[in-house]
Amino acid sequence: MGFVSLGCPKALVDSERILTRLRAEGYEVAATYGAADLVVVNTCGFIEAAVDESLDAIGEALAENGKVIVTGCLGAQPQKILDRHPQVLKITGPQRYEEVVASVHEHLPPKHEPFVDLVPAQGVRLTPRHYAYLKISEGCNHRCSFCIIPSMRGDLVSRPIGEVLREAEQLARAGVKEILVISQDTSAYGVDLKYAAQPWRDVERRARFFDLAQGLGELGVWIRLHYVYPYPHVDKVIELMSDGRVLPYLDIPFQHASARILKLMKRPAASANTLERIAAWRRVAPDLTIRSTFIVGFPGETEQDFQELLDWLRAAQLDRVGCFEYSPVEGAAANELRQAAVAPEVKAERRARFMELSAEISAGRLARKVGRTMQVLIDRLEGDVAVARSSSDAPEIDGTVRILDAKHLAVGSFAQVTITAAGAYDLEARLVR
């Protein structure tokens, strides 16, 4: 069978779960459409560009193979898929693992060989061997006006803490060097479980953000936290970062800084003084890296609102940022706002100004690292250069550390380097001999 996985890391974990189940039943994964008897496409439907990419991928799979099962977020809008591709075999929504497997069984019955088809304890993963994503919950309790994820994935459903910690322990035993914690709202973990406790390593652990981070910090691997909101209880996790048990890295989707726009977006923690909180965190953990994403051109955004965002960014001095032009999403509450739409050329101009400022900030913060010695994780080799990441860099979305004369290093290994040069987003280094 063939498999196409689109979208965010959370969707990637869904793909890994489906593949683990199918691989355990004897299915082999084909590298090309021609070698596959059937293709599963795991789609994204968050914004219109992602919808278009998903529909194109389905069309390509149909053209190249002909037998296609569709799952994932876009599957929550089956008519949109059927209008364009009525010949798909089956459509299921996100997190419908059993339905996907049943559909594969229906159209391509398994031929299981229990003595041949063995699956490793950590399951099938689609990431390199040295890092893995750990999904701790599904869904979201927030109702941000630009987002339709709750309508596709439902309200927050946290996994029991014992189950999460055991999976993480399996990953560490399998040689994973970095675990990236993901969800829609990592800092809300356990709210729906009423923070129910479970034993792990002979200690009762409550299903709370802090307890989870503390437990993961005992594994002796890099722990990176994504999709965290700036709630007061996050302060305690910063102490774990200061102690070196969790990477000093937070991925926080601030989205904007104008109080008026945040209110229109219905963002959680919109009234919090985030600048004060960031300053307090950096006093506790001076090496803290903060990554975030922002939206410009939201309906009703004025030049004054945008200037507030730029002023806030200058004050916050965020290390890593991404910026998107607002795009209407079918079914989002923002479509009903009685606010003036921002012209496409204005959105593009604001994004360019935002990214220009963010590049200046990033370059300045990286320049301070020249001369410092740090631990890095090797991702790949390019000739004599080893491409690595520091504690400040998540895979795929952040910068890299390029180490010269390092072709002897092994992918997935750690190295000590001294930073020799800095650009706007990346660093250069030499090995510490």
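Student: Which residue stands opposite I419 in β19?

Tutor: A429 in β19 stands opposite I419. Keep in mind that this is a predicted model, where local features need pLDDT of at least 70 and side-chain atom pairs count only at pLDDT 80 or more, while totals for chains, interfaces and linings use all residues. Residues are numbered from 1 along each chain as its sequence is written, and side-chain values use heavy atoms, with hydrogens and water left out.

Student: What makes β18 and β19 count as a pair?

Tutor: Two strands pair if DSSP finds at least two bridges between them. A strand here is a DSSP run of E with at least two residues, and a helix is a run of H or I with at least four, numbered from the N terminus. Strand β18 (residues 414-422) and strand β19 (residues 427-431) share five bridges in the antiparallel sense, so they pass the cut-off for pairing. A hairpin of four residues joins β18 to β19.

Student: How many bridges join β15 to β18?

Tutor: Five bridges, and these strands run antiparallel too.

Student: Why is V321 called buried?

Tutor: Buried means under 20% relative accessible area, exposed means over 50%, and partly exposed is in between (1.4 Å probe, protein chains only). V321 comes in at 14%, so it's buried. V321 sits in strand β14 (residues 320-325). Leaving aside neighbours within four places in sequence, V321 is in contact (heavy atoms within 4.5 Å) with R291, S292, F294, L313, F354, M355 and S358.

Student: Which salt bridge does R173 form?

Tutor: R173 pairs with E169, with 3.7 Å between the closest N and O atoms. Both lie in helix α6 (residues 161-173), four residues apart, about one turn of the helix. R173 is exposed at 68%, whereas E169 is buried at 13%. The two also belong to a network of salt bridges with R201, R205 and E218.

Student: How do you know that the span of helix α1 agrees with what it should be?

Tutor: The expected span is 1.5 Å times one less than the number of residues. For the 16 residues of α1 (residues 9-24) that should be 22 Å, and the end C-alpha atoms are 22 Å apart, so the two agree.

Student: What makes a set of residues a nonpolar core?

Tutor: Its members are buried Ala, Val, Leu, Ile, Met, Phe, Trp, Tyr and Cys residues joined through side-chain atoms within 4.5 Å. The largest one has 56 residues, and I179, L216, L225, L250, L318 and F354 touch the most other members. Helix α11 (residues 303-316) gives the largest share, six residues. Apart from that core lies another of 19 residues, including V4 and A30.

Definitions and conventions:
A salt bridge is a side-chain nitrogen of Lys or Arg within 4 Å of a carboxyl oxygen of Asp or Glu.
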